Amino acid sequence: MTLPWTADLGDGTYRNPVLNADWSDPDVLRVGDDHYLTASSFGRAPGLPLLHSRDLVNWTLVGHALDRLAPEADFGVPRHDRGVWAPSLRHHAGRFWIFWGDPDHGIQQINAEDIRGPWSTPHLLKAGKGLIDACPLWDEETGEAYLVHAWAKSRSGVKNRLTGHRMSPDGRELLDEGTTLVDADTIPGWFTLEGPKLYRHDGWFWIFAPAGGVETGWQGAFRSRTFAGPYEERVVLAQGRTDVNGPHQGGWVRTAAGEDWFLHFQARGAHGRVVHLQPMRWDGDGWPVIGDEGEPVLTHRRPRAPEQTVGAPASSDDFPGGRHGRQWQWTANPRTGWTVRHAGDGLRLSCVRTAYAHDLRALPNVLVQRLPAEEFTVETGITLDTGEPGAKAGLAVLGDAFSWIGLEAGDDGEARLVHRYAESVAEHERDAAHPRPAPGASVRVRIEVTRGARCRFSADTGDGSGFLASGQVFAAAPWRWVGALLGLFATAPAGDGPSGTAGFTAFRTTGRARTP
C-alpha cells in the first residue's frame, strides 16, 4: 500500500513538506536523540498532538497532551477556529511543558515527566481576551524564567505587538504586569507580528516571530542583550523566488549532531498549514540564516541523525478491537456512548440523536482527521445497523463547506445510498446525487482527492456494478484557520429511545506512487 506522502527520498535527502498535512503552527524540541513536535489543535479533542522523530523528516504521532478542552461548557459544541492556538513545547527540570493561548480565555500551561503523559490539568496562567501564541523561557544561566505572547485583535483590539513577563520558575505565576518587548507598528512595513518563540543563544535573548499574515508572511528574528530590550530585527526567511508562500511561524531546534534546523508552516488552502524543514546556520554577525540564504528549500540532505524507518503519521485505520487510532479527534469534547465497544475489528458509532443532522459543521460527534496529503484516495466500508427512519452514517470532507457519502434509512426503514453537500453559505445540506438502493444496508465508499482539494466521490453497493461515480466534483474548503478534515459520523433524528448504530471497516488512505 502506497502511503499518501513520504518526505524521505531514500537517498540521503528529503523533500518538503516533511509533514504534508495540517499540523498548524508547529513547535519542536530535542531531548537526547529524540525530537518532539506539537501543533495547534483549535477546538478538537483530544488536543495538542505529540509527534516524534529521530531525524526531523520521518514523524509518527505518539499521542495528545490534552484529553479535553476547558472550560467544558464552551467546548461541548464545535468551536472550529477557537481553543488551542500556537502552542510552545519545552523541556525543563526533567519535565515537558506546553504553553498556549486560547484567544477567548487566556494563556494556559500543562506539564508532564514523560511525553506520553500523564499530563497535568491545564493551569490558567494569565486570564484575558486576545492573549495568544505564548512561549516560556527558562534561563539556565541565571535561573530566571520568562514568558512572551502575542495578541489577537479580534478579541483585544491589539495586534502587531509582543508582550513579555517575568515568570515564576514553576510556570504557575507571572511576576509583573508585562511590558511591550516589540511594537511592530514602529517597524516600517511590518504587520501582524505574532507566533513568538523565545530562546537564549550566544549571550542574546532571541525571539523568532512571523509577520505579514498567514498566506504571504515572512519569518523575523529579534535579538537583545536583555529580556526587556531594546530588540533589533531582521527578516530571516521569506518566499523570495520560490513557490513556497508565507514560509513562517515555527521553531528552531539543534540536533544531537550540533546542526541547526527550522520547522515552519506553509498555508495551502483546504489542506491547511503543512510543515517544512529548513537548514539553518549563523552568519558572521551572529544572525540566523534559514533555508537557502533566506529562501525555502524544496529538497535537501537529511539531518545527520540515527537511521529511522521511512514513514509519516498514520492515516489508515483497521480499528482493531473496535478502537480508533491516535490520528482521530472529535469536533468537540466527546461524550460517553458515542462509540460502542465490541470484541472484533471495525469502528461502531452510535447514531446520536440530534436536531442538527442537516449540518455536519454543527455536530460535536464527528470523528475527524487531517487530509493526509495533497493528492490521495480514501476508502471505507459502512453498514447501517438500524431501521430508524432518518438515521444515517457517512464519510465526509468537512470544512466551511462539506460533502459526504454514505447510508440513510428511509421512511420504510430500508437503507439507501445518499450523497449530500452544503456550500459555505448554506445552512442545510442537499442532495449531490439521486439516492439509490443499498442492498443489505452496506456500502463501500471512496473519495479521490486531487490538487486544489478537488474531491470525487464514488460508491460500491455490492450489486455487481463496482464503484460508480457520484455527484459533481466537490472543492473542499477550509475554515478561517483550520484546513478541511476527513470525518466519520452517525446520527438519528431528535427523539427518544434507542436509535441504532453504524459500522465502519478498513479505513484506507493511499497515495500515488512517487516517480523516482
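1. Over the ring of which residue does the charged end of R223 sit? The charged end of R223 sits over the ring of W204, 4.1 Å from its centre, and that of R200 sits over the ring of F205, likewise 4.1 Å from its centre; a charge sits over a ring if NZ of Lys or CZ of Arg is within 6 Å of the ring centre and within 35 degrees of the ring normal.

2. This is a predicted model, in which local features need pLDDT of at least 70 and side-chain atom pairs count only at pLDDT 80 or more, while totals for chains, interfaces and linings use all residues. Residues are numbered from 1 along each chain as its sequence is written, and side-chain values use heavy atoms, with hydrogens and water left out.

3. The count of aromatic pairs comes to 23, where rings of Phe, Tyr and Trp (its six-membered ring) pair if their centres lie within 6.5 Å, and planes under 30 degrees apart count as stacked, over 60 as edge-to-face and the rest as tilted. Y14 and W261 form an edge-to-face pair, with 6.3 Å centre to centre and 65° between the planes.

4. F208 and F262 form a tilted pair, at 6.1 Å centre to centre and 50° between the planes. Since F208 lies in strand β15 and F262 in strand β19, the pair ties together parts that are 54 residues apart in sequence (strands are DSSP runs of E, at least two residues, numbered from the N terminus). Both F208 and F262 belong to a cluster linked by ring pairs, which also includes W206 and W252.

Methods
Helix = DSSP H or I, 4+ residues; strand = E, 2+ residues; numbered from the N terminus.
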